[in-house]
Amino acid sequence: MQNKIDRLTLYALMGIISFGALVVNTSGAEQVSLMPVWGVIAAMIGFWLEIHQHDTSKH
């Protein structure tokens with residue numbers, strides 16, 4: 001089981017890798033894939049969910 005900091009680290013790595021792929025792929029004028037964009041969006045959603053998640057086990 002991963003703790004909160006491990007999950008945040010994984011989301012950060014996913015965002016960095018996706019953003020890097022987006023920057024590298026947009027340098028050419030040929031066909032651009034939307035997969036890196038979805039990766040960045042998924043990382044942002046993961047961060048938001050992880051930070052705003054309510055811990056009900058303490059109650």
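The accessible surface of the protein comes to about 5000 Å², and 69% of that area belongs to carbon and sulfur atoms; such areas come from the Shrake-Rupley method with a 1.4 Å probe, and for residues only the protein chains shown count as cover. This is a predicted model, in which local features need pLDDT of at least 70 and side-chain atom pairs count only at pLDDT 80 or more, while totals for chains, interfaces and linings use all residues. Residues are numbered from 1 along each chain as its sequence is written, and side-chain values use heavy atoms, with hydrogens and water left out.

**Overall make-up**

- Helix 1 covers residues 4-25, and helix 2 covers residues 35-52.
- Of the 59 residues, 14% count as buried. Buried means under 20% relative accessible area, exposed means over 50%, and partly exposed lies in between (1.4 Å probe, protein chains only).

**Salt bridge between the helices**

- The structure holds one salt bridge, a term for a side-chain nitrogen of Lys or Arg within 4 Å of a carboxyl oxygen of Asp or Glu.
- The partners are Glu50 and Arg7, whose closest N and O atoms are 2.8 Å apart.
- This pair links distant parts of the chain, with Glu50 in helix 2 and Arg7 in helix 1, 43 residues apart.
- Glu50 counts as buried because its relative accessibility is 5%, whereas Arg7, at 24%, counts as partly exposed.
- Leaving aside neighbours within four places in sequence, Glu50 is in contact with Lys4, Arg7, Leu8 and Tyr11; contact means heavy atoms within 4.5 Å.

**Aromatic pair between the helices**

- A search of the whole structure finds one aromatic pair. Rings of Phe, Tyr and Trp (its six-membered ring) pair if their centres lie within 6.5 Å; planes under 30 degrees apart count as stacked, over 60 as edge-to-face and the rest as tilted.
- Tyr11 and Phe47 form this pair, which is tilted, at 6.2 Å centre to centre and 55 degrees between the planes.
- Tyr11 sits in helix 1 and Phe47 in helix 2, 36 residues apart, and the pair thus joins distant parts of the chain.
- Tyr11 has a relative accessibility of 25% and therefore counts as partly exposed.
- Phe47 is also partly exposed, because its relative accessible area is 29%.
- Not counting residues up to four places away in sequence, Phe47 touches Leu8, Tyr11 and Ala12.
- The C-alpha atoms of Phe47 and Leu8 are 6.5 Å apart in space, and the two residues are 39 apart in sequence.

- Ser18 is found in helix 1 and counts as buried, because its relative accessibility is 10%.
- Beyond residues up to four places away in sequence, Ser18 touches Pro36, Gly39 and Val40.
- Gly20 also has its place in helix 1 and is partly exposed, with a relative accessible area of 31%.
- Gly20 and Val40 are 20 residues apart along the chain, and their C-alpha atoms are separated by 9.8 Å.
- Ala21 lies in helix 1 and is partly exposed, its relative accessible area being 29%.
- Between Ala21 and Met35 there are 9.0 Å from C-alpha to C-alpha, and the residues are 14 apart in sequence.

**Nonpolar surface patch**

- Leu34, Met35, Val37, Trp38, Ile41, Met44, Ile45, Trp48 and Leu49 form a nonpolar patch on the surface, with about 960 Å² of accessible area together.
- Patches are made of residues with over 30% relative accessible area and no salt bridge; like charges are joined within 9 Å, and nonpolar side chains (Val, Leu, Ile, Met, Phe, Trp, Tyr) within 5 Å.
- Ile41, one of the patch residues, is found in helix 2 and counts as partly exposed, because its relative accessibility is 31%.
- Trp48, also in the patch, has its place in helix 2 and counts as exposed, because its relative accessibility is 51%.
- Trp48 and Leu8 are 40 residues apart in sequence, with 9.9 Å between their C-alpha atoms.

Technical notes. Helices (H or I, at least four residues) and strands (E, at least two) are DSSP runs, numbered from the N terminus.
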